[in-house]
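Let's take a walk through a protein together, stopping at a few spots along the way. Have the sequence and the 3D view ready, and look each place up as we get there.

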Amino acid sequence: MNSLCVLVVEDCESDASLILRILTKAGYAVLSARVETEAEFRAELTHRDWDLILSDYSLPGFSADAALNILRQSARDIPFIIISHNIGEEAAVAMMKSGAHDYVMKASMSRLVPAVEREIRDAATRKDRRRFSIALKESEARWNFALEGSGYGVWDWNIAEAKVIYSSCWLSMHGYQCIDMLGNFEHHKSLIHPDDINQVELAWDECITHRATRYRAEFRSKDHDGGWRWVLNRGMVVERGLDGKASRIISTHADISLQKKNEQLLVELNGDLERKICERTAELSAALDHLAESKKLAALGVLVTGIAHELNTPLGNIVLGISTLSDELETLSDQLDRGAISRGGLRSQLVQWRENAQMALRNSSRAADLIDRFKQIAVDQVSHAKRVVNLGEIIESCIDATLNLRSSVEIKCETEIDQSIQLMSAGHLEQVISAVLMNAMQHAFQGRTSGIVEVKAMRVDSEIFISIGDNGIGIKSDFCQRVFDPFFTTKLGQGSMGLGLTIAHNLVTGILKGTIGIANRQSGGVLVKIKFPCDPLNVIEDIY
Ligand SMILES: Nc1ncnc2c1ncn2[C@@H]1O[C@H](COP(=O)(O)OP(=O)(O)OP(=O)(O)O)[C@@H](O)[C@H]1O
Ligand SMILES: [Mg+2]
């Protein structure tokens with residue numbers, strides 16, 4: 001049962017009761033009040049939220065017209081129906097014009113309930129509309145507040161009419177007044193930078209014809225003073241026509257000129273940095289080239305001086321021996337001419353000459369030996385005859401040939417060798433291993449009676465690793481960098497020339513295409529690491 005609050009303006013109590021009975025019979029739970037004067041009407045009007053006012057046309061001290069006036073002034077929207085015995089048509093029309101919603105003659109009260117039902121319904125509709133419009137206004141106000149507050153300029157594009165409306169924030173962002181803007185779309189387009197317009201039109205087109213709902217574009221937009229301002233434009237389709245094309249788009253402009261300026265600055269800085277790095281790299285590589293050149297010249301100088309020094313002694317001895325021999329032969333020839341030499345004298349001369357000749361011979365072979373080693377410094381790339389060898393066997397034979405030479409130090413050799421590695425070798429690897437083992441023997445254990453040498457060899461993927469370590473005295477840290485230099489030796493004048501590691505280095509890098517390194521071990525002693533690729537020329541797979 002619907003409840004109904006009815007304010008009845010009626011001087012006749014029985015008429016009022018009849019009206020209420022009719023309404024109750026129609027199914028309403030009626031709550032009512034009856035008033036006869038203006039004062040009572042005013043009081044009741046504010047006292048309750050009435051759903052309906054039913055008013056007699058004329059009362060002794062009041063009237064429907066006066067009541068309607070008061071209702072209008074109160075700004076309340078309450079259905080107002082006149083119920084009267086004697087209202088003429090003219091008066092009824094006038095009352096309707098003044099705001100009355102309907103009138104019912106007391107003679108035809110059957111119209112009352114339909115009139116009430118309709119007016120209640122219409123009032124409810126009006127109330128909903130009012131509520132909706134208030135909510136809409138509030139929501140619009142909130143959005144405006146949010147958009148304007150965030151600094152976004154808003155523009156509203158009516159595509160069908162080619163009209164554009166701008167928010168105050170949009171105008172102030174670009175320095176315009178309302179009157180500056182023509183409000184048509186062509187003018188709006190003319191504010192976009194000619195270089196950017198194509199991409200913006202593409203974005204618009206996507207939205208208008210291809211049913212994209214949003215777009216995003218960055219472009220330069222013209223300010224009132226003629227300058228260009230970078231903006232981020234985000235737009236959204238808010239209406240589409242029956243053909244599916246967008247008919248209205250609302251967009252925001254965010255000022256990104258500072259961000260663009262910083263981006264530009266960053267690009268310039270990066271360019272600057274790149275240019276500086278290029279310049280520095282060129283300077284550095286020129287300096288390195290220069291250094292390498294100087295080093296090469298210095299090394300050549302050392303090499304030449306070293307060779308001259310080493311050869312000087314045997315050659316000097318040879319010259320001395322032969323010139324002495326030559327002088328003495330002259331003397332002998334003279335003595336023979338004069339018959340001044342005895343048999344005994346000749347014999348002692350012969351002993352002297354033999355010694356001189358042997359000395360010249362010894363020094364000649366020493367010079368030949370030296371020249372042989374010098375030749376090894378310049379690695380001979382021409383391949384010597386290669387043969388298949390087992391890496392383990394090569395290492396064992398090198399160990400036998402070197403470490404067992406010396407008797408004053410007892411050297412224990414520990415090996416860990418992958419015996420399956422087969423190589424094609426022309427003897428270069430043997431030379432390298434021997435040079436390193438010789439060093440261990442000659443330099444590592446000075447002043448000691450025993451020592452350990454460890455040799456390991458293995459294959460990992462496509463490379464062979466050989467390490468030779470000792471637990472000897474190690475190398476002075478200053479010397480570590482120089483041990484591969486030609487003629488660097490700490491045993492000058494004791495039979496060492498400082499060529500062993502130079503030749504080993506040249507063989508490993510030049511022939512075996514690998515690397516060799518030497519370092520002191522933390523536990524004491526020296527560790528030499530050799531690595532070279534399993535070139536098909538070097539390694540034989542599945543030989544057996
Ligand atoms: N295992 C080692 N322990 C200590 N010092 C070493 C060792 N191996 C090399 N050295 C140092 O490196 C220097 C250079 O070695 P390198 O083999 O080139 O020349 P050398 O042995 O002195 O002379 P050469 O090998 O020509 O007879 C040596 O003089 C030595 O000081
Ligand atoms: Mg050596």
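Start with a pair of charged side chains: E283 and R280 meet in a salt bridge, with N and O 3.2 Å apart. By salt bridge we mean a side-chain nitrogen of Lys or Arg within 4 Å of a carboxyl oxygen of Asp or Glu. Both residues sit in helix α9, 3 residues apart, which is about one turn of the helix. R280 is exposed, at 54% relative accessible area, while E283 is partly exposed at 47%. Those words have cut-offs: buried is under 20% relative accessible area, exposed is over 50%, and partly exposed lies in between (1.4 Å probe, protein chains only).

Before we go on, some ground rules. This is a predicted model, where local features need pLDDT of at least 70 and side-chain atom pairs count only at pLDDT 80 or more, though totals for chains, interfaces and linings use all residues. Residues are numbered from 1 along each chain as its sequence is written, chains are lettered from A and ligands numbered from 1 in the order in which they are written, and side-chain values use heavy atoms, leaving out hydrogens and water. As for helices (H or I, at least four residues) and strands (E, at least two), they are DSSP runs, numbered from the N terminus.

Back to the charges. A search of the whole structure turns up 29 salt bridges. One of them links R111 to D102, at 3.1 Å from N to O. D102 is buried at 7%, but R111 is partly exposed at 36%. Another joins E119 and R118, whose closest N and O atoms are 3.3 Å apart. Here E119 is buried, at 5% relative accessibility, and R118 is partly exposed, at 30%.

Next, find helix α8, residues 197–209. Which of its residues are buried? They are I197, V200, A203, W204, C207 and I208. Seen down the axis of α8, the buried residues fall within an arc of 135°, so they line one face of the helix. (The arc is that of the directions from the helix axis to the C-beta atoms.) On the other side, N198 and L202 are exposed. The cover over the buried residues includes α7 and the strands β6, β8, β9 and β10; contact here means heavy atoms within 4.5 Å.

Just past the end of α8, R211 takes a positive phi of about 65°. Most residues other than glycine have a negative phi. A162 is another spot to check, with a positive phi of about 55° although it is not a glycine. You'll find A162 in the loop between β6 and β7, partly exposed at 34%. F487 also has a positive phi, about 65°, and lies in the loop between β15 and α13. Is F487 buried or exposed? F487 is buried, with a relative accessible area of 14%.

Our last stop is helix α10, residues 343–377, which holds N356. At 10% relative accessibility, N356 counts as buried. Leaving aside residues up to four places away in sequence, N356 touches G321, T324, L325 and E328.

Notes: The expected span of a helix is 1.5 Å times one less than its number of residues.
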